[in-house]
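Hi everyone, thanks for coming. Today I'd like to walk you through a structure that may be new to you, so please have a look at it with me.

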Amino acid sequence: MPRRFFCFSIVFTVVLACSHDDTASAHPRNASSSPDDGVPPRPSVIAASSQPYHVVPVSVGGTVTGSVDFEGTVPAATVVHPTSDQSACGTSVMVKNIAVTGTRVGGAVVWLTDIHTGKALPIERRFELTNDACTLDPYVQAISTSATLNVSNDDRTLHTNRFINVGTGQIVGIAPFNDDGEVVPVDKFAEPAEIEVVCEQHPWTHAWIAVLDHPYFAQTTPAGTFSIDGIPAGKYHIRAWHPALGFADDSVTVTAGLQTSVAFRIRPGATNGPAVPTQVPTESVRPPVSNAPAVPILPTASSTPATTPKGPPPPR
């Protein structure tokens, strides 16, 4: 009898141990449950809106087209050598977040920063972000407020993606994964913001999201060009941003039924950049300015440049 009771105790203990899943998805976390879950706020390239966006009829809108160039040495891609999860990440991970054709920048986000009325947002408001080979794809994208971001995992390893509002430091969402094939919808983007996405397990992993409350934004093509249409006539402030390079500002006057062009040139500058004012005086025409992006909150560990550039490295 004592032997039977002893065996039963062992089996019961093993069952309890196996039933305790201490992975990220086993214990969903409330992003607002603890101040320790956030980070210090940093300067953001997207300002909070001073007033809500209103949809109005735009019978004859204007169009803004243009290009985005980078002046200076483009930061070299880095190679990270993971010390864990090598079966999923490999022994080296190429971190290449910049696509340039000559001096033209592909994937940069361009938007009007001070528009509060105009055409309706697109009906389709679903966007995607994928964990692939221990990196996030796409590296940068623009989405609408109240949109759903379907975050997926293509890796057979644990990922825990955190979505951080750069301007406030608050975590607005957490997407935990235990294995490949999982999809986690994140729909916590209620206001304009610059969002940084990081992975708790793989500190070199980053993505950036521009959340905007209006439809007047675009991303540059691989050739570095963009087009934004249906804009009500008026004068606006416009910004181009790539999180790995920086941003550039300009102003543009839109005429109904006509096309206006803007040529952005992003130049290396200070580490952090201020958010754009939500209103720009109509009588002021400021020259384009630029600054480099906010520094990621997690350091890149055990990384080396993919190629060794001559001379000192460019400012980050």
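I'll talk about the cysteines and then about the nonpolar cores.

Please keep in mind that what you see is a predicted model.

Let's begin with the cysteines. How many disulfides does the structure hold? There is one, and it joins C89 to C134, with an S to S distance of 1.9 Å. As for its handedness, the torsion about the S-S bond of C89 and C134 is about -70 degrees, so this disulfide is left-handed. Now, where do the two partners sit? C89 is part of helix α2, residues 86-89, while C134 belongs to the loop between β9 (126-132) and β10 (135-137), so the pair ties together parts that are 45 residues apart in sequence. Both C89 and C134 are buried.

And what about C199? C199 takes part in no disulfide; its nearest cysteine sulfur belongs to C134, 7.5 Å away. C199 counts as buried because its relative accessibility is 0%.

On to the cores. The largest nonpolar core has 25 residues, and V68, F226, I231 and F264 are those with the most contacts inside it. Several strands supply at least two residues each to this core, including β2 (62-70), β7 (109-112) and β19 (225-231).

Let's zoom in on F226. Which residues does F226 contact, leaving aside neighbours within four places in sequence? Among them are V64, V68, V110, I238, V262 and F264.

Finally, apart from that core lies another one, of 20 residues, with I143, L149, F189 and A207 among them.

Methods
Residues are numbered from 1 along each chain as its sequence is written. This is a predicted model: local features need pLDDT of at least 70, side-chain atom pairs count only at pLDDT 80 or more; totals for chains, interfaces and linings use all residues. Side-chain values use heavy atoms; hydrogens and water are left out. A disulfide is a pair of cysteine sulfur atoms within 2.5 Å. Helices (H or I, at least four residues) and strands (E, at least two) are DSSP runs, numbered from the N terminus. Buried means under 20% relative accessible area, exposed over 50%, partly exposed in between (1.4 Å probe, protein chains only). A nonpolar core is a set of buried Ala, Val, Leu, Ile, Met, Phe, Trp, Tyr and Cys residues joined through side-chain atoms within 4.5 Å. Contact means heavy atoms within 4.5 Å.
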